[in-house]
Amino acid sequence: MKIKSNLNKLFAIFLICLFFFANIPFVFATSEEPNLISQSAILVDNKTGKILFSKNENEKMYPASTTKIITAIIALENCQLDEIVTISYNTVMSIPDGYSSAYLQVDEKLTVEQLLELLLVHSANDAANALAEYIGGSVESFISMMNTKVNELGLSDTHFTNAFGMHDDNHYTTAKDLCNIMRYCMKNENFRKIAGKASCAIPATNKSDIRRYVSTNSLIIPNSNHYYPYLTCGKTGYTSQAGDCLVSCSYKDDLELICVILGGKTIDDTSTRFSETKTLFEYGYDNYSIRTLLHSNDKITSLEVKNGTKDTKNLDLLANSSICALLENSMLEEELNLEINLKEDIKAPIEQGDVLGTASYTIDKIEYKTDLLASHLVEKSKLLNYIIMTIVGIFLLVLIYFIFFHKRKTNVYEIKNF
């Protein structure tokens, strides 16, 4: 009996707990922000520019070889990939000791594409200078082009003094500026393709046999200890003054993120630029996602077109396109406010598909918008015309009657006085 009584008590406690927890709303927990060793970092959604994480993102830092991404984009915007570049003596001899090189030969001929592969995959500084001389006429002129591009992008905390990232006190950027440069570069499909290579092979030239190189970015190399399967492209950098640097891009679940690490360290032969980049990417994917808030052709609102016919005046407004937004996973869609703006003085006739307004969400100062379209034809009512015609008709009848009656009365008066 005692055992049965205890079981009954346990069962009662179980029911109470079940009722209690059933009435507690579950909230998806977000992981804590990463605690980074690297001096400066930023994680951004490439599509919207929304910052998902940052640390000292506006602090001026030395970019080292991440500089090469702007060298690459200027080359891509000013050259065809199959153009032939002849390597000069200055290109070969101007690389300081300790800086990476592909050991190009004087008078060697390579295509722009091959030099870009050496630049972004092997991080060859002589390839950077070769492109700079070819495009700018001189390295100095090319550096001017780099800084002009920075100004065009509105980046006030960046300045370059060379084409490949050699240390100079006046050669600097910030994590935020470098991220914006990378966002700009990612608009170019050739940049994406070349910066996403895990290795490259340079065919035999007039001065060399075939050469093969592996990327300096371990995150993109399959079977490496740091391999990250969602990484699409990136560029490393290192000088003793800059520390370990990495700017990279990843894609997962329709979400493309850009991460910048500056001022990283190497601890026990492992660079924090790789581990902390992966940490930031996973933080982004764990806590944010792309959600569809409206679908194309969803009914958003309805209205009555006052001068429309009885059968067509009740009009639905449909979303022209889907609205997909980047949201924190913990955010409920019920918390979002849909703003509808209609055109003034909407009246018939209205064609099916006419744009009559917009629907939008504003989330973290980013606006997501779609047009609102008429679901069907709204014909103009003829009732008003009938009323006007009737009034005009009555007026004409009164006028005719008045004229006729007045004329008859005048004639009678004249006969009587005759």
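Predicted model: local features only at pLDDT ≥ 70, side-chain atom pairs only at ≥ 80, totals over all residues.
Let us start at the hairpin of β17 and β18, where two residues lie between the strands and Asp-364 takes a positive phi near 55°. Strand β17 covers residues 355–363, and eight bridges pair it with β18 in the antiparallel sense. Within this pairing, Val-355 stands opposite Leu-373 of β18.

Strand β18, residues 366–374, has a further partner in β14, residues 314–319. These two strands also run antiparallel, and three bridges join them. Here Leu-318 has Leu-373 of β18 as its bridge partner. Of its 418 residues, 44% count as buried. Among contacts with a separation of 6 or more, 64% are between residues 24 or more positions apart. The accessible surface of the chain comes to about 23500 Å², and carbon and sulfur atoms account for 54% of it.

Thr-277 is found in α9, which spans residues 272–287. Is Thr-277 buried or exposed? Its relative accessibility is 0%, so Thr-277 counts as buried. What does its side chain reach? The side chain of Thr-277 comes to 2.5 Å from the backbone oxygen of Arg-273. If we leave aside neighbours within four places in sequence, Thr-277 is in contact with Leu-219, Leu-246, Ser-248, Cys-259, Ile-261 and Thr-272.

Val-106 belongs to the loop between α3 (89–93) and β4 (109–111). With a relative accessibility of 32%, Val-106 counts as partly exposed.

Another loop residue deserves a moment. Asp-82 lies in the loop between α2 (68–78) and β3 (84–86). Asp-82 is exposed, because its relative accessible area is 59%, and the cut-off for that class is over 50%. In sequence, Asp-82 and Glu-113 are 31 residues apart; in space, their C-alpha atoms are 6.5 Å apart. Please keep Glu-113 in mind, as we shall meet that residue again.

How many does a search of the whole structure find? The search finds 14 salt bridges.

Glu-77 counts as partly exposed at 36% relative accessibility, whereas Lys-149 is buried, with a relative accessible area of 12%.

Now we return to Glu-113. Its side chain meets that of Lys-193 in a salt bridge, at 3.6 Å from N to O. Lys-193 lies in helix α8 (residues 189–195) and Glu-113 in helix α4 (residues 112–120), so this pair ties together parts that are 80 residues apart in sequence. Lys-193 is partly exposed, with a relative accessible area of 41%. Glu-113 also counts as partly exposed, at 25% relative accessibility.

The remaining pair is Arg-291 and Glu-333, which form a salt bridge with their closest N and O atoms 4.0 Å apart. Which parts of the chain does this pair tie together? Arg-291 lies in strand β12 (residues 288–294), and Glu-333 in the loop between β15 (323–328) and β16 (339–342), so the parts joined are 42 residues apart in sequence. Arg-291 is buried, with a relative accessible area of 17%. Glu-333, by contrast, counts as partly exposed at 37% relative accessibility.

Finally, salt bridges that share partners join Glu-77, Lys-149 and Glu-152 into one network. With that network, I conclude my presentation.

Notes. Residues numbered from 1 in each chain as written. Heavy atoms only, no water. Pairing = 2+ DSSP bridges. Helix = DSSP H or I, 4+ residues; strand = E, 2+ residues; numbered from the N terminus. Buried < 20%, exposed > 50% of the residue type's maximum accessible area, 1.4 Å probe, protein only. Contact = heavy atoms within 4.5 Å. Areas by Shrake-Rupley, 256 points an atom, 1.4 Å probe, with all protein chains shown as cover. Polar contact = N/O pair within 3.5 Å; in protein donor to acceptor, adjacent residues only side chain to side chain.
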